[in-house]
Amino acid sequence: MIEYIIYITSMLTFFFINLRILQALHIENKFEKMKLWEIKTAYFMIALIGAHILSDMILKIASFSELL
């Protein structure tokens, strides 16, 4: 149960952090003009994938610390 709370909390936190970082990088310059839907989808998917990877790392660190 605590793993789910850690995962969801870290997932949401990392998602919003990743989204802010991606917006600051101005990736929209790599896309064609007037492709707003594709740009927003790319931001969302990249931020979600990054948040999942980081949240999984947090879970592994938490489970490792329980073993000690």
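## Reading two helices

Mentor: Begin with what lies against what. Among the things that cover the buried residues of H2 is helix H1 (2-25). Keep in mind that this is a predicted model.

Trainee: How many helices and strands does the protein have?

Mentor: Two helices and zero strands. The radius of gyration is 15 Å, well over the 11 Å that the globule rule gives for 68 residues, so the protein is more spread out than a compact globule.

Trainee: What box do the C-alpha atoms fill?

Mentor: Taken along the principal axes, the box is roughly 55 × 20 × 15 Å.

Trainee: How do I check the span of a helix?

Mentor: Count 1.5 Å a residue, then look at the end C-alpha atoms. H1 has 24 residues and should span 34 Å; its end C-alpha atoms are 34 Å apart, which agrees. Now take H2, residues 36-67. Its 32 residues reach 47 Å from first C-alpha to last, close to the 46 Å expected.

Trainee: What follows H1?

Mentor: His-26 does, and its phi is positive, near 55°.

Trainee: Which residues of H1 are buried?

Mentor: First, the general idea. An α-helix has 3.6 residues a turn, so residues three or four places apart point the same way. Now the case here. The buried residues of H1 are Ser-10, Met-11, Phe-15, Asn-18, Leu-19 and Leu-22. Their cover includes H2.

Trainee: And which residues of H2 are buried?

Mentor: Ile-39, Ala-42, Tyr-43, Ala-47, Gly-50, Ala-51 and Ser-55. Across the protein, 19% of the 68 residues count as buried.

Trainee: Where is Lys-33, and is it buried or exposed?

Mentor: Lys-33 sits in the loop between H1 and H2. Its relative accessible area is 74%, so Lys-33 is exposed.

Trainee: How do I compare sequence distance with distance in space?

Mentor: Take two pairs. Ile-46 and Arg-20 are 26 residues apart in sequence and 12 Å apart in space, C-alpha to C-alpha. Lys-33 and Ser-63 are 30 residues apart along the chain, and their C-alpha atoms are separated by 46 Å.

Trainee: What share of the contacts joins residues 24 or more positions apart?

Mentor: Counting contacts with a separation of 6 or more, the share is 78%.

Trainee: What about the surface and the charges?

Mentor: The accessible surface comes to about 5,700 Å², and 73% of that belongs to carbon and sulfur atoms. The protein has 6 positive and 6 negative side chains. The centres of the two sets lie 12 Å apart.

Key. Residues numbered from 1 in each chain as written. Predicted model: local features only at pLDDT ≥ 70, side-chain atom pairs only at ≥ 80, totals over all residues. Heavy atoms only, no water. Helix = DSSP H or I, 4+ residues; strand = E, 2+ residues; numbered from the N terminus. Expected span 1.5 Å × (residues − 1). Buried < 20%, exposed > 50% of the residue type's maximum accessible area, 1.4 Å probe, protein only. Contact = heavy atoms within 4.5 Å. Rg over C-alpha atoms; globule rule 2.2 N^0.38 Å. Areas by Shrake-Rupley, 256 points an atom, 1.4 Å probe, with all protein chains shown as cover. Lys, Arg positive; Asp, Glu negative; His and termini not counted. Charge placed at Lys NZ, Arg CZ, Asp CG, Glu CD.
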